[in-house]
Amino acid sequence: MIVRAVAQWREPEILAPPWEIVHTVELPPGEFRKFKEDLLQAQPFIMEHANDLYVDNSGLTHGMLVLCEGIDDGILVNSEGFAYARYAAYLSGARTLSLMNRYPSLHDFCVGMDSLVEKYVQQALAGQEDGGFTLFYSDLDAEVEQRVYDEDMVNFDRQLFLDMLSERPEFDEVETTQNEVYLTIAPEFVQEQAPGMSM
């Protein structure tokens, strides 16, 4: 995973004051590039909301999130009443963060799916035999039913679950039949077995 971040140098702690995003603007790629490369240039989209962009008495920054079409990252802006980005910060993964904040149910769904996939990745690695592991749909369905009942999951998508398994580096191949999923463990994750013993 690659992210963009500005690192502090020799600071005793990370200081990250809170921001409330009060406006979101999405720009075409060309306009976003010009904005990013010249933050001190006055912008109509900042001027339009300039009076809403400031730091209040509690230290909360009321800012704008500027996104680019087709890109996940964004730029936080606090103009302090001006028409340019008087204060700016690059926010990696801004679009995804905004999406998850806008739809809490989507966030809960993603967290639940990730947790379920992680459980079976670890189970496959621990229970592998001859470089493979079989996951039965009956076991998966029972696990999902229990998690939904316990409110640890809000929903389940089987095809997405299989896609997520396929994207994990621990598996070389994910094969499905009507009743089961066979996971071929990637060579670097295959555990050696003692002679004459099966896992």
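Mentor: Let us start with C68, which is buried at a relative accessible area of 1%. A word on the basis: this is a predicted model, where local features need pLDDT of at least 70, side-chain atom pairs count only at pLDDT 80 or more, and totals for chains, interfaces and linings use all residues. Residues are numbered from 1 along each chain as its sequence is written, and side-chain values use heavy atoms, leaving out hydrogens and water.

Trainee: Why is C68 called buried?
Mentor: Buried means under 20% relative accessible area, exposed over 50%, and partly exposed in between (1.4 Å probe, protein chains only). C68 has 1%, so the word is buried.

Trainee: Why does R147 count as buried?
Mentor: R147 has 13% relative accessibility, which is under 20%, so it counts as buried. R147 lies in helix 5 (helices, H or I of at least four residues, are DSSP runs numbered from the N terminus).

Trainee: What makes the pair R147 and S115 a polar contact?
Mentor: Their side chains come to 3.1 Å. A polar contact is a pair of N or O atoms within 3.5 Å; within protein, one must be able to donate a hydrogen and the other to accept it, and residues adjacent in sequence count only if both atoms are side-chain atoms. The 3.1 Å value is within that limit, so the term applies.

Trainee: How many disulfides are there?
Mentor: The structure holds 0, a disulfide being a pair of cysteine sulfur atoms within 2.5 Å.

Notes:
Helices (H or I, at least four residues) and strands (E, at least two) are DSSP runs, numbered from the N terminus.
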